[in-house]
Structures are given as C-alpha cells and as structure tokens.
Amino acid sequence: MLLQVSSLTAGYGGADIIKGISIEVRQGEIVTIAGTNGAGKSTLSKSIVGLVPKVSGSILLNGRDLLKVSPENRSALGLGYVPQVSNVFGSLNVLDNLKVVRNVKDKPRKIQEMIALFPPLGAKLKLPAQTLSGGERQMLAVARALMSDPTLVILDEPTAALSPSLVEQVFRLVARLPEQGVAVLMVEQRARQALSISHRGYILDQGSVVLSGTSEGLLSDSRMAQLYLGRH
Ligand SMILES: Nc1ncnc2c1ncn2[C@@H]1O[C@H](COP(=O)(O)OP(=O)(O)OP(=O)(O)O)[C@@H](O)[C@H]1O
Ligand SMILES: [Mg+2]
C-alpha cells in the first residue's frame, strides 16, 4: 500500500469539511476522486499535502505517518502535488518554473528528463508560463510535481477549464504516469473520463465517501449515473 488514509476528518476551524474518510492508493495505480462542487475534494487533497489547519485521523505514505511530518518535508517522502489553481509561476519562464522546485536531487538531469517527457515544454523554455496554452500549463504543473521523483502525485482537477482536445491531452499524460513509477490520486469532476483511465475511484458527497470501487464497477453503477456522471 502506497497511500493509506484512515478515518480522516479535516476542516478550516468551523464545521468539519471532511468527515471520516478512508481511501487507499496502491503502487502503480491511478485513483479518481469525484464529486460535486463543494463536496470536499480539494480539502481532502490539501489535507494529505498538509495545507488544511485542522486534521485528525491518519495518513500513511509508504508506511510513514504524514501527519507527523511538516508540509515542507512531505515532498521529500515522495509526495507530489498539483493544486487546482496557481500551479505554476506565471511570470517565471518554463525553465525557471522547473528550477525553483525544491527537494530535487540532480536538477539538471531531472530538467532534461522533463523536457524529454514533455517535448512541447522544451520548445518554450524561455517563455513566461503565463503565455502557455492551458494544456501546456498543466503539463508544466505536472512536470514541476515530477521533479522531486514522487512515488505518488496528487492532481487537483488537472482538466478544469480546458477545451475538450486539451482535456484528452491531459488525460493521456496522466495515464502514462504509472509507467514512470508514479501512482496518481486525481480529483476530477469529469468522472466518466477520469475513471476510464483509472483503476479505482471514490465518490465524495458532503465530506464523505458515498460510493467506491473499481472504475468498471463505478461506471456501470446506476447510482453513479443518477449522482455524478454526465455533467460534462
Ligand atoms: N480555505 C477555506 N476556508 C474555509 N472553508 C473552506 C476553505 N476552502 C474550502 N472551504 C469550504 O470547504 C467546502 C469544500 O470545499 P472544497 O474546495 O474542498 O470542495 P471541492 O469538492 O474541491 O469543490 P470544487 O469541485 O468546486 O473544486 C466548501 O464548503 C468550501 O466553502
Ligand atoms: Mg476543488
């Protein structure tokens, strides 16, 4: 087991937003978290990364309890994160966006690796990130997360606000990550498309898991159709 989240409760000081959630990600897996706006998907991912003030329960990554590790040190334990918004530095060029990532062992080698993995970035190294297309920007955000050799990367709505062809492009990119030795926990509102490249999924509603299972199982579950699919 790579990531084991057990009875996680989390919030920002008022009422709990995440109410006793347990989820797992195994080595080599892509796991989708879906659910409507405000269900708590970003709060769940931020809790794992360490960006939510009030968290209880346990979060084990490779057997290490992340709640005992400061947010800054979690990336050194193999955790990568691409936030829903502000996931690149718009005024920095592509190369500098990669250079400023911390906890990277051999930075020049890693940058070359990212350019090989994402050729469109290599062609735009000196351009400010804010001039990239939406898909290229997501590519850069993912490349930044991969710089520190994560064993698990958390992607918060990587296809939000992208045109349909870019959505396809980003899902193809995500589908390739397990080949790089990177497991993926992906928050997505495009549940059907996300599940089609995932092994398993969890559906959140009001801070709780209301459905979970294999992608095939979820995609053929009539409750899914009623609840969350077909929104996109
Ligand atoms: N920084 C914050 N402070 C206080 N409340 C917050 C904060 N961030 C989120 N919330 C509240 O937590 C709840 C869940 O928000 P969250 O962002 O986790 O939902 P989400 O499932 O990611 O939604 P979306 O699909 O719109 O991104 C919402 O009611 C929101 O108002
Ligand atoms: Mg969100």
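I looked up Gln 84 first: at 33% relative accessibility it counts as partly exposed (buried means under 20% relative accessible area, exposed over 50%, partly exposed in between, with a 1.4 Å probe and protein chains only). I noted that this is a predicted model, in which local features need pLDDT of at least 70, side-chain atom pairs count only at pLDDT 80 or more, and totals for chains, interfaces and linings use all residues. Residues are numbered from 1 along each chain as its sequence is written, chains are lettered from A and ligands numbered from 1 in the order in which they are written, and side-chain values use heavy atoms, with hydrogens and water left out.

I then checked the magnesium ion (ligand 2). Ser 42 (OG) and Gln 84 (OE1) coordinate the ion at 2.0 to 2.3 Å (donors are N, O and S atoms within 2.8 Å of the metal, or 3.2 Å for Na, K and Ca; water is not among the atoms, so sites may look incomplete). Ser 42 lies in helix H1 (residues 41-49) and Gln 84 in the loop between strand S6 (79-82) and helix H3 (94-99), so the pair ties together parts that are 42 residues apart in sequence (helices, H or I, of at least four residues and strands, E, of at least two are DSSP runs, numbered from the N terminus). I recorded Ser 42 as buried, with a relative accessible area of 17%.

Last, I turned to the polar contacts of ligand 1 (pairs of N or O atoms within 3.5 Å). A polar side-chain atom of Lys 41 lies 2.7 Å from an oxygen atom of ligand 1, and one of Gln 84 lies 3.2 Å from an oxygen atom of this ligand.

Terms used. Polar contact = N/O pair within 3.5 Å; in protein donor to acceptor, adjacent residues only side chain to side chain.
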